[in-house]
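Subject: Structure handover

Hello,

Here is the structure you will be taking over. Please have a look at it first; notes on what was found follow below.

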Amino acid sequence: RIHKILGAEEGQAIVNDHIALRTFNLDPVRLDALAEHFLSLGYQQGGEYHFEAKKLYARHYEHPSRELPKVFISELLVEKCSPELQSVVKRLVEQVRPEAVIADDFLYSGRHWEVDYETYRKLMQESEYAAWMAAWGYRANHFTVSINHLDQFRSVPEINQLLKNHGYTVNASGGEVKGSPAELLEQSSTMADRVPVAFSDQTVTIPSCFYEF
């Protein structure tokens with residue numbers, strides 16, 4: 001729907017700047033295992049990043065053609081979390097079959113474990129990242145539309161207003177627009193869609209994925 005709002009149906013090219021994927025730093029689902037899917041397609045490793053507060057390590061990957069989106073893969077450093085969270089995450093990952101990780105569809109294969117809503121809720125108290133992974137599994141956490149490639153839009157505030165006019169909620173945490181032209185980075189994002197998820201004991205509507213601009 002967002003692509004339609006931005007003019008895809010009128011011939012406007014919608015350029016996906018990057019996608020973001022999440023995982024845990026446990027075998028067999030470590031960052032390197034996810035990255036292998038892209039390296040086999042000719043992607044090359046770019047920068048690496050440390051997010052100490054969220055206990056994350058990440059890398060990005062780029063394709064030499066520059067026509068394909070960049071890929072940002074992060075992993076939760078499980079050993080830096082509480083013993084309770086470590087125990088839950090290890091129990092989830094133990095349910096993942098190693099052969100599933102190398103399957104062509106793994107990166108969009110969803111959840112490979114059973115988890116109840118109470119476990120999700122407890123994970124959320126410590127780590128949104130771990131809770132999101134527990135609920136959704138392997139799929140893109142967000143996509144990014146490159147405003148620089150949109151002919152009829154020239155600013156992030158203009159995009160924000162258009163999306164709000166169509167009923168979307170813009171993430172206002174830290175301001176609707178993060179950064180500035182002077183910093184050479186200006187971006188915004190929608191709030192994550194809320195989608196029903198079938199946990200092992202009940203179905204609950206929770207945040208899913210979002211778009212960045």
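Some background before the rest. This is a predicted model, in which local features need pLDDT of at least 70 and side-chain atom pairs count only at pLDDT 80 or more, while totals for chains, interfaces and linings use all residues. Residues are numbered from 1 along each chain as its sequence is written, and side-chain values use heavy atoms, with hydrogens and water left out.

Overall picture

The protein chain has 7 helices and 10 strands; helices (H or I, at least four residues) and strands (E, at least two) are DSSP runs, numbered from the N terminus. Of its 213 residues, 44% count as buried. Buried means under 20% relative accessible area, exposed over 50%, and partly exposed in between (1.4 Å probe, protein chains only). The chain exposes about 11,500 Å², of which carbon and sulfur atoms supply 51%; these areas come from the Shrake-Rupley method with a 1.4 Å probe, and for residues only the protein chains shown count as cover. Of the contacts (heavy atoms within 4.5 Å) between residues at least 6 apart in sequence, 56% join residues at least 24 apart.

Helix α6

Among the buried residues are Tyr 129, Trp 132, Met 133 and Trp 136. Trp 132 also has a charge over its ring: the charged end of Arg 22 sits 5.2 Å from the ring centre. The rule for this is that NZ of Lys or CZ of Arg is within 6 Å of the ring centre and within 35 degrees of the ring normal.

Strands pair if DSSP finds at least two bridges between them. β2 and β3 (residues 56-62) run antiparallel and are joined by 6 bridges. Glu 48 has Arg 59 in β3 as its bridge partner, and His 50 stands opposite Tyr 57 of β3. The hairpin of β2 and β3 has 4 residues between the strands, and Lys 55 there takes a positive phi near 60°. β3 also pairs with β4, again in the antiparallel sense, over 6 bridges; Ala 58 has Ser 74 in β4 as its partner. Of the 7 residues of β3, 6 are buried, so this strand is largely enclosed by the rest of the structure.

Aromatic pairs

Rings of Phe, Tyr and Trp (its six-membered ring) pair if their centres lie within 6.5 Å; planes under 30 degrees apart count as stacked, over 60 as edge-to-face and the rest as tilted. This rule gives 9 aromatic pairs. The ring centres of Phe 38 and Tyr 43 are 5.4 Å apart with planes at 75°, so this pair is edge-to-face. Both residues are buried. Tyr 49 and Phe 72 have ring centres 5.6 Å apart and planes at 40°, so their pair is tilted. It links distant parts of the chain, with Tyr 49 in β2 (residues 44-51) and Phe 72 in β4 (residues 70-76), 23 residues apart. Tyr 49 counts as partly exposed at 30% relative accessibility, and Phe 72 counts as partly exposed at 23%. Ring pairs also link Phe 24, Phe 106, Trp 113 and Tyr 138 into a cluster.

Regards
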